[in-house]
Amino acid sequence: SAIMCMQATSAGPRLRRLAFGSGAALLLLLLVASVTSSSSRRPHSMFFGLSSSFCSATPSKVSSPLRWAEPSTENDRAATADRICCRNHDYAEWSGSWTASSFPKRLAAGETITFYDVASHLPLYRAPIGRTFDEFFDESKAHGWPSFRDQEVIWENVVVKSGGEVVSGTGTHLGHNLPDRKGNRHCINLVCVS
């Protein structure tokens, strides 16, 4: 019998038929997966066509210009978005770097900002909700990254993994959940939601 598996290609995933007995094919598939992914952080990438980037699109192409980048740093910010949001699960933009961007320092009372996935453009967060903009901004500034509370999360598009990593529904790395005495706090890279 044949087994179907996903194979990564430059054009995306494609099905590939392995024409072996089912036991031998499974053993071969596991061996190939083990060798192929031994240096990869994403061992399943060969099955989903997610080679070096796991975003649904490349931020430097899809979201250029980034919403809160200074014009003189646009190319650097887009490259940073691609590196941090689509090729990484652990690292972040520099603490406090978001305050040097063109992100608003003030917002009219009652006004909110919607934050979108830099690659897929899905809405992820709406803030501030249940607090003032000054409270949102001050907490974010004190922590070093934009910080969102549960009521500000658009849950159908955000996933918190068991280790605390926060990703969009399409797999874009956003940041981490670092709960404090007030509850969950999503500390998010601004370049991933610009």
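User: Is the link of Cys-85 and Cys-192 left-handed or right-handed?
Analyst: Left-handed, with -95° about the S-S bond. The S to S distance is 2.0 Å, where a disulfide is a pair of cysteine sulfur atoms within 2.5 Å. Before going on: this is a predicted model, in which local features need pLDDT of at least 70 and side-chain atom pairs count only at pLDDT 80 or more, while totals for chains, interfaces and linings use all residues. Residues are numbered from 1 along each chain as its sequence is written, and side-chain values use heavy atoms, with hydrogens and water left out.

User: How many disulfides does that rule give?
Analyst: The count is one disulfide. It links distant parts of the chain, with Cys-85 in helix 4 and Cys-192 in the segment after strand 9 (186–188), 107 residues apart. Helices (H or I, at least four residues) and strands (E, at least two) are DSSP runs, numbered from the N terminus.

User: Are those two cysteines buried or exposed?
Analyst: Both Cys-85 and Cys-192 are buried. Buried means under 20% relative accessible area, exposed over 50%, and partly exposed in between (1.4 Å probe, protein chains only).

User: Why does Cys-187 count as buried?
Analyst: Because its relative accessibility is 6%.

User: Stepping back, what is the order of elements?
Analyst: From the N terminus the order is β-β-α-α-α-α-β-β-α-β-β-β-β-β. That gives five helices and nine strands. Of the 194 residues in the chain, 43% are buried.

User: Which residues have the most contacts inside the largest nonpolar core?
Analyst: Cys-85, Phe-103, Phe-115, Tyr-125, Leu-174 and Val-193, in a core of 29 residues. Helix 4 (74–86), strand 3 (113–116), strand 4 (123–127) and helix 5 (133–143) each give two or more residues to this core. The largest share, four residues, comes from helix 4. A nonpolar core here is a set of buried Ala, Val, Leu, Ile, Met, Phe, Trp, Tyr and Cys residues joined through side-chain atoms within 4.5 Å.

User: What does Phe-115 touch?
Analyst: Leaving out residues up to four places away in sequence, its contacts (heavy atoms within 4.5 Å) include Arg-67, Trp-68, Phe-103, Tyr-125, Phe-148 and Val-193.

User: And the rings, how many aromatic pairs are there?
Analyst: There are 10 aromatic pairs. Phe-103 and Phe-115 form a stacked one, 6.0 Å centre to centre with 25° between the planes. Rings of Phe, Tyr and Trp (its six-membered ring) pair if their centres lie within 6.5 Å; planes under 30 degrees apart count as stacked, over 60 as edge-to-face and the rest as tilted. Phe-103 is buried, with a relative accessible area of 2%, and Phe-115 is buried at 0%.

User: Why is the pair of Tyr-125 and Phe-148 stacked?
Analyst: Because the planes are at 15°, with the ring centres 4.2 Å apart. Tyr-125 lies in strand 4 and Phe-148 in strand 5 (residues 147–148), so the pair ties together parts 23 residues apart in sequence.

User: New topic: how do strand 6 and strand 7 pair?
Analyst: Antiparallel, over three bridges; two strands pair if DSSP finds at least two bridges between them. Val-158 stands opposite Ser-168. Their hairpin has four residues between the strands, and Gly-164 takes a positive phi near 100° there.

User: Which way do the residues of strand 7 point?
Analyst: Glu-165 and Val-167 point one way, Val-166 and Ser-168 the other, and all are buried.
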